[in-house]
Amino acid sequence: KMTKKIIKLTVRDVRFPTSLEQHGSDAMHTDPDYSVAYVVIETDQGMQGYGLTFTVGRGTEIVVCAVEALSALVVGKSLEEIVSDFRGFYRLLTSDGQMRWIGPEKGVIQLATAAVLNAVWDLWARSEGKPLWKLLVDMDPRKLISCIDFRYITDALTEEEALDILVKAQTGKQQRVDQMLKEGYPAYTTSCAWLGYSDQLLKQLCTDALNDGWTKFKVKVGADLKDDIRRCSLIRQMIGPHNTLMIDANQRWDVGEAITWVTRLAEYKPLWIEEPTSPDDILGHAAISKALAPLGIGVATGEQCHNRVMFKQFLQASALQFVQIDSCRLGSVNENLAVLLMAHKFKVPVCPHAGGVGLCELVQHLILFDYISVSASLDNRMCEFVDHLHQHFRSPVVIQNAHYMPPKDPGYSCEMLESSVQTHQYPQGQVWKKLQ
Ligand SMILES: C[C@H](O)[C@@H](O)[C@@H](O)[C@H](O)C(=O)O
Ligand SMILES: [Mg+2]
């Protein structure tokens with residue numbers, strides 16, 4: 001058998017000037033330039049794996065440095081060696097004796113771990129000739145379990161319990177695969193109502209989205225209560241009483257403030273308030289959840305929930321009602337598998353965070369796997385969609401009637417067009433030269 005030894009890793013700083021038009025703006029990120037640390041690994045047989053982690057603007061160069069620091073742990077290993085003990089390899093990256101001090105398993109270094117491991121998963125799926133979701137769906141449950149690091153979560157979920165969940169969900173699996181291929185996975189849109197958009201633009205985008213069949217909408221809130229009341233009332237009027245509305249404050253409030261502010265918006269019937277306060281404040285989220293439950297409003301969080309240990313505690317404390325996994329915030333597929341399985345055990349629906357650049361392309365694989373091989377349920381579940389920057393990908397997402405259609409190309413959908421990478425590389429790409 002051929003070895004597929006990884007002989008090279010490159011990482012590039014790729015940024016899109018989305019802040020110029022206020023795409024992606026929220027109460028805390030008022031001028032986001034959607035960016036990636038973009039990784040390519042290459043084997044001795046000339047095969048490539050592509051990976052990325054999402055970040056915003058000036059932070060990208062620091063993530064790139066962290067990826068460079070990790071690259072020595074990857075180069076020289078063969079794909080077979082890695083996937084025959086993927087748990088061990090995950091630990092090698094996250095528990096390196098000299099590097100773990102700057103984490104462990106959080107912040108910049110975990111974003112870098114995600115970029116590197118996303119490239120490894122892409123390479124693995126490509127070498128099997130399957131899209132990543134199918135690689136996962138077809139994988140033996142024991143093999144899947146062997147990719148997960150259970151350290152720090154066994155008090156909430158043991159390996160045996162995780163295996164049991166996967167084995168039980170084998171029933172009806174093929175039916176769910178067929179259903180997904182036919183109907184796709186339900187999505188909601190965030191791209192109508194970024195905080196920096198005018199009411200007029202919001203109306204226009206909302207009209208277009210309704211015409212395209214969207215039924216679930218997320219609105220940015222949290223900077224100014226009067227503005228929020230006006231915008232929520234406007235969008236609720238446009239979408240009518242039966243479509244779904246969600247609101248997202250991106251960590252703007254203190255705990256008490258979150259409760260009073262959201263109570264004022266309750267008449268617009270949001271399904272959830274997302275990131276009401278600091279992403280690290282588990283007990284704060286629990287207090288908000290408790291206070292808002294009588295109003296029928298849940299708490300959603302996860303895009304900045306930095307590892308499985310945090311998610312474990314959110315679940316144990318009933319501090320969230322919607323788990324928003326992120327393909328690049330957590331330690332790649334490996335750590336996301338742990339969170340999907342914990343969410344299932346705690347009976348909390350998973351509604352992934354997507355958007356940015358590339359996040360939709362990646363996370364669709366994980367949520368397809370969740371439905372087919374873990375949860376077997378679509379109740380209260382949907383995957384975020386944002387309609388920006390898909391044109392820069394080799395295999396962009398396919399949305400039909402507000403559903404993600406399962407990707408068909410081999411890999412993890414991370415590969416970007418080389419021309420897009422070159423023109424958007426920071427600072428030397430043409431796009432940035434023009435802006436200087
Ligand atoms: C800066 C980004 O656009 C965020 O606002 C975005 O990820 C957002 O929180 C979301 O839920 O889509
Ligand atoms: Mg959000």
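Start with Glu303. An N or O atom in its side chain is 2.6 Å from an oxygen atom of ligand 1. Keep in mind that this is a predicted model.

How much of ligand 1 does the protein cover? On its own, ligand 1 has 330 Å² of accessible area, and the protein covers 96% of that.

Asp26 puts a polar side-chain atom 2.4 Å from an oxygen atom of ligand 1. For Glu274, a polar side-chain atom lies 2.9 Å from a ligand 1 oxygen.

Now the whole shell. There are 14 residues around ligand 1. Those that come nearest are Asp26, Tyr34, Glu303, His353 and Glu384. What is the make-up by class?

Where does ligand 1 sit? In the largest pocket.

Next, the domains. The assignment gives two entries for the chain: domain 1 runs 6–130 plus 420–435, and domain 2 spans 166–417. Domain 1 contributes 40 residues to the contact, and domain 2 contributes 42 residues. Taken over C-alpha atoms, the domain centres are 23 Å apart.

Which domains supply the shell around ligand 1? Domain 1 and domain 2 each give at least three residues.

So, to recap the picture.

Terms used. Residues are numbered from 1 along each chain as its sequence is written. Chains are lettered from A and ligands numbered from 1 in the order in which they are written. This is a predicted model: local features need pLDDT of at least 70, side-chain atom pairs count only at pLDDT 80 or more; totals for chains, interfaces and linings use all residues. Side-chain values use heavy atoms; hydrogens and water are left out. A residue is near a molecule or strand if one of its heavy atoms lies within 4 Å of it. A polar contact is a pair of N or O atoms within 3.5 Å; within protein, one must be able to donate a hydrogen and the other to accept it, and residues adjacent in sequence count only if both atoms are side-chain atoms. Accessible areas come from the Shrake-Rupley method with a 1.4 Å probe; for residues, only the protein chains shown count as cover. On a 1 Å grid over the protein atoms alone, a cavity is a set of points where a 1.4 Å probe fits but cannot get out, and a pocket is an open set with protein on both sides within 12 Å along at least five of seven lines; lining residues have an atom within 4 Å of a point. A molecule sits in a cavity or pocket if more than half of its atoms lie within 2 Å of its grid points. Domain bounds come from an automatic or database domain assignment. Contact means heavy atoms within 4.5 Å.
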